[in-house]
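Biologist: I would like to learn how to read a model of this kind, feature by feature. Could we take a few side chains, a helix and a pocket in turn?

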Amino acid sequence: MVAYSFKPRFVEPIGTGAKRQTIRADRKRHARPGEQLQLYTGMRTKQCKLIGRATCIGVDLVMLNFADHGVARINGIVLFSDAAMQKFARSDGFASWADMRDFWRDNHPGVEVFEGVLIRWGDIA
């Protein structure tokens, strides 16, 4: 079982099923398709709370470029249309691509290009 922690702003979108993915830096071990995920907020604090459990349905390579309008690439496929970029951002719990870009810039100042993994899950239990 693999655990991931989320900022409080993502608790509701995860609980309602609006957010079904997370973008993470590469590390030694991420979830694999078919594995159970534990989704928390406030891990490693006294406020730690389980949001829910879900099954990993996919892990993909992702590249995000937040310079100018921005670009997202998933497994080498570039999301060109504005509609695709908006859908991608909403699937990650944001209101829009602009909201996602602003969040990124606030939380990762000076980092315009990011490469990592996109972890997707099914229904929350």
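Biologist: Let us start with accessibility: is Arg120 buried, partly exposed or exposed?

Modeller: Please keep in mind throughout that this is a predicted model. The general idea is that a residue under 20% relative accessible area is called buried and one over 50% exposed, with partly exposed in between. Arg120 has a relative accessible area of 27%, so it falls in the partly exposed class.

Biologist: With which residue does Arg120 meet in a salt bridge, and where do the two partners lie?

Modeller: The side chain of Arg120 meets that of Asp60, with an N to O distance of 3.0 Å. Because Arg120 belongs to strand β7 and Asp60 to strand β4, this pair ties together parts of the chain that are 60 residues apart in sequence. Asp60 itself counts as buried, since its relative accessibility is 12%.

Biologist: How many salt bridges are there by this rule, and which residue pairs with Asp99?

Modeller: The rule asks for a side-chain nitrogen of Lys or Arg within 4 Å of a carboxyl oxygen of Asp or Glu, and by it the count is 7 salt bridges. In one of them Asp99 pairs with Arg9, and their closest N and O atoms are 3.0 Å apart. This pair links distant parts of the chain, as Asp99 sits in helix α3 and Arg9 in the loop between β1 and α1, 90 residues apart. Asp99, at 23% relative accessibility, counts as partly exposed, and Arg9 also counts as partly exposed, at 39%.

Biologist: Are Lys19 and Asp92 buried or exposed?

Modeller: Lys19 is buried, with a relative accessible area of 2%, and Asp92 is buried too, with a value of 5%. The two form a salt bridge in which the closest N and O atoms are 3.0 Å apart. Here again distant parts of the chain are linked, for Lys19 is in the loop between α1 and β2, while Asp92 is in the loop between α2 and α3, 73 residues away.

Biologist: Which residues of helix α3 are buried, and where do they fall around its axis?

Modeller: In helix α3, which spans residues 97-107, the buried residues are Trp97, Met100, Arg101, Phe103 and Trp104. Viewed down the axis of α3, these buried residues fall within an arc of 160°, so they line one face of the helix. As for what they pack against, the partners are β2, β4, β5, α2 and β7.

Biologist: How much space lies in the largest pocket, and which residues are closest to its centre?

Modeller: The largest pocket holds about 460 Å³ of space. It is lined by 19 residues, of which Thr22, Ile23, Arg24, Phe103 and His108 are the closest to its centre. At least two lining residues come from each of β1, β2 and α3, and α3 gives the largest share, 4 residues.

Methods
Residues numbered from 1 in each chain as written. Predicted model: local features only at pLDDT ≥ 70, side-chain atom pairs only at ≥ 80, totals over all residues. Heavy atoms only, no water. Buried < 20%, exposed > 50% of the residue type's maximum accessible area, 1.4 Å probe, protein only. Arc of directions from axis to C-beta. Contact = heavy atoms within 4.5 Å. 1 Å grid on protein atoms, 1.4 Å probe; cavity = no way out; pocket = protein on both sides within 12 Å on 5 of 7 lines; lining within 4 Å. Points joined across faces, edges and corners; volume = space filled by probe spheres on them.
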